[in-house]
Amino acid sequence: MNKHYILNLNPHAKQEWDRCTLRDPLTAKRPDFAKLIAEVVGGKPGSYLVSVQIEVEVLDKAGLPQSEQLTLSLPEISAHSHPQELVA
């Protein structure tokens with residue numbers, strides 16, 4: 001059984017649980033491996049000793065989008081050399 005998933009590694013994610021995610025490319029749901037294995041054994045009640053082999057082949061890679069940096073243009077404020085000019 002071949003399944004395809006999108007692995008996202010983001011060391012800069014705000015939450016720890018979001019730094020390494022595996023998702024279905026169509027539904028964006030996280031895979032439930034126990035459910036997938038149960039489907040393979042036919043879903044019949046009982047206890048099973050199973051061997052699971054995971055083979056990973058990278059099909060495509062997309063980098064993380066660069067975070068945008070905003071630049072502010074602030075007008076220059078000149079400092080007065082004579083403090084008495086500032087007194088009302």
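A residue is called buried when its relative accessible area is under 20%, exposed when it is over 50%, and partly exposed in between, with a 1.4 Å probe and only protein chains considered. The structure above is a predicted model, in which local features need pLDDT of at least 70 and side-chain atom pairs count only at pLDDT 80 or more, while totals for chains, interfaces and linings use all residues. Residues are numbered from 1 along each chain as its sequence is written, and side-chain values use heavy atoms, with hydrogens and water left out.

The overall layout comes first. The protein chain has one helix and two strands, and reading along the sequence gives the pattern β-β-α; here helices (H or I, at least four residues) and strands (E, at least two) are DSSP runs, numbered from the N terminus. Of the 88 residues in the protein chain, buried residues make up 5%. If contact means heavy atoms within 4.5 Å, then among the contacts between residues at least 6 apart in sequence, 21% join residues at least 24 apart.

A nonpolar surface patch of about 650 Å² is made by Tyr 48, Val 50, Val 52, Ile 54, Val 56 and Val 58. Patches consist of residues with over 30% relative accessible area and no salt bridge, where like charges are joined within 9 Å and nonpolar side chains (Val, Leu, Ile, Met, Phe, Trp, Tyr) within 5 Å.

Next come the side-chain pairs. A salt bridge is a side-chain nitrogen of Lys or Arg within 4 Å of a carboxyl oxygen of Asp or Glu, and by this rule the count comes to one. Glu 16 forms a salt bridge with Arg 19, with the closest N and O atoms 2.7 Å apart. Glu 16 is exposed at 58% relative accessibility, whereas Arg 19 is partly exposed at 30%.

The structure also holds one aromatic pair. Tyr 5 and Phe 33 form this edge-to-face pair, 6.1 Å centre to centre and with 65 degrees between the planes. Because Tyr 5 lies in the segment before strand S1 (6-9) and Phe 33 in helix H1, the pair ties together parts that are 28 residues apart in sequence. Rings of Phe, Tyr and Trp (its six-membered ring) pair if their centres lie within 6.5 Å, and planes under 30 degrees apart count as stacked, over 60 as edge-to-face and the rest as tilted.

Note on methods. Areas by Shrake-Rupley, 256 points an atom, 1.4 Å probe, with all protein chains shown as cover.
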